[in-house]
Amino acid sequence: MDRFYMKLAMRQAEKSRGKCSPNPFVGAVIVKNGKLIAEGSTQPYGQDHAEVVAIKKAGKQAQGATMYVSLEPCCHYGKTPPCTDAIIQSGIKRVVVGILDPNPLVSGGGIKELIAAGINTEYGLFEEDIKEQLEYYLSYISKKRPFVIWKTALSWDGKYAASDGSSQWITNPASRRFVHKMRSEVEVVLSGIKSVETDNAMLNVRGIRKAKQPLRLVLDPFLDIKAASLFVKSAKQYPALIMYHSAPKEKVECLQNLGIELIQVSGNNDKLNLNEVLLKLWEKKLYSVLLETGNKLSEAFWKNCLIDKCAIFYGNRILGGENGCLKSYDRKCIDRAVHLSKVKVKKLQDNVLVMGYPMW
């Protein structure tokens, strides 16, 4: 039954996806005498972790029970006390862990504390599945940058727009609803100034009840964004950040007064240093980025090998013409093509979503 209950813990974790950063979203369940007695998922930052939520629900029934938790319990003080302390004090006698936490503050220490307290502790159940579930957090820890998802919408023949530049709508309403779901599950939605200007985009989550709004980030090298744009006008309603490299002091002060957070990074002409962009986000403890970028900025992320996952929406259209996706990201020969691993395909009415991981 271990596999069954760990699956339940993983399902619990999903309830907190996108809602508890910078903490990882974790699930925990407590079982006693073959009966499920409590479940928990990580609460918003500064509140209880999944283990503590479950323990509080179980109360005295936790004595002598088994806990299943998707990620190794923490053993250090942060915004909350160590989860290992709560587990030990609850009287739980067995703990089954999905994966070890690579965070240097934990990194096997949680397991050691539980074992030292006489708790029967095991780990490694559904390890690959949980690593995929927690891919944002694991990237944040191991790569010291956020996990980057490249999202694009194309016609069947790989065009991002018609010859006259029009692109609304290549995909159907079901695909667009799925994009808003993706936005609600990440910490940052990133776009370039040209895309924001062309679509007068807000980059917020719409149509999903009680969704946590991501940080909206625009890369705007010279702060060309207009104060009358919807992005700027909504800055006091939805969190907004612009990164730039050169701009008049007056424009900086104007945007700051309108509620925009500004970060200056290095750059050259109309390009910003993308590694520095991601480093600034990492320093803000943001561990997932959804790229909603135009073709030129998308190519820049590809050229810098900064894409961790692809989400390619194919609309039910044939466009033809010159506007091919990643046209300047030329791999020259088939042997140098970037392969995708773990490819998944999802049908969205008459559209298709293809997801996969670039193999660098």
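## Backbone features in the loops

Gln349 lies in the loop between strands β15 (340-348) and β16 (351-358), where helices (H or I, at least four residues) and strands (E, at least two) are DSSP runs, numbered from the N terminus. The phi angle of Gln349 is near 55°, a positive value in a residue other than glycine. At 53% relative accessibility, Gln349 counts as exposed; the classes are buried for under 20% relative accessible area, exposed for over 50% and partly exposed in between (1.4 Å probe, protein chains only).

This is a predicted model, in which local features need pLDDT of at least 70 and side-chain atom pairs count only at pLDDT 80 or more, whereas totals for chains, interfaces and linings use all residues. Residues are numbered from 1 along each chain as its sequence is written, and side-chain values use heavy atoms, with hydrogens and water left out.

A positive phi of about 55° is also found at Lys144, which is not a glycine and which sits in the loop between α6 and β6. Helix α6 itself (residues 135-142) is mostly covered, with seven of its eight residues buried, among them Tyr136, Tyr137, Leu138 and Tyr140. The peptide bond from Ser21 to Pro22 is cis, with omega near 10°, and Pro22 belongs to the loop between α1 (2-14) and β1 (27-32).

## Overall architecture

The secondary structure of the protein comprises twelve helices and 16 strands. Its radius of gyration is 23 Å, close to the 21 Å that the globule rule gives for 360 residues, so the protein is as compact as a globular protein of that length; the radius is taken over C-alpha atoms, and the rule is 2.2 Å times the number of residues to the power 0.38. Along the principal axes, the C-alpha atoms fill a box of roughly 70 × 45 × 40 Å.

Of the 360 residues, 53% count as buried. Among contacts (heavy atoms within 4.5 Å) between residues at least 6 apart in sequence, 70% join residues at least 24 apart. The accessible surface comes to about 17,300 Å², of which 51% belongs to carbon and sulfur atoms, the areas being computed by the Shrake-Rupley method with a 1.4 Å probe, and only the protein chains shown counting as cover for residues.

## Charges and salt bridges

The protein carries 52 positive and 36 negative side chains, and the centres of the two sets lie 5 Å apart. Lys and Arg count as positive and Asp and Glu as negative, while His and the chain ends are not counted; each charge is placed at NZ of Lys, CZ of Arg, CG of Asp or CD of Glu. The structure holds 20 salt bridges, each a side-chain nitrogen of Lys or Arg within 4 Å of a carboxyl oxygen of Asp or Glu. Asp2, Arg94 and Glu122 are linked in a network of such bridges.

Lys151 and Glu292 form a salt bridge through their side chains (3.2 Å, N to O), and this pair links distant parts of the chain, with Lys151 in strand β6 (residues 147-154) and Glu292, 141 residues apart from it, in the loop between β13 (288-291) and α12 (295-303). Both Lys151 and Glu292 are buried. Glu292 also meets Arg183 in a salt bridge (2.7 Å, N to O), and here the partner lies in helix α7 (residues 173-184), 109 residues apart from Glu292. Relative accessibility is 12% for Glu292 and 8% for Arg183, which likewise counts as buried.

Glu197 forms a salt bridge with Lys226, the closest N and O atoms being 3.6 Å apart. Glu197 is in helix α8 (residues 193-199) and Lys226 in the loop between β8 (215-219) and α9 (230-233), 29 residues apart. At 39% relative accessibility, Glu197 is partly exposed, whereas Lys226 is exposed, with a relative accessible area of 56%.
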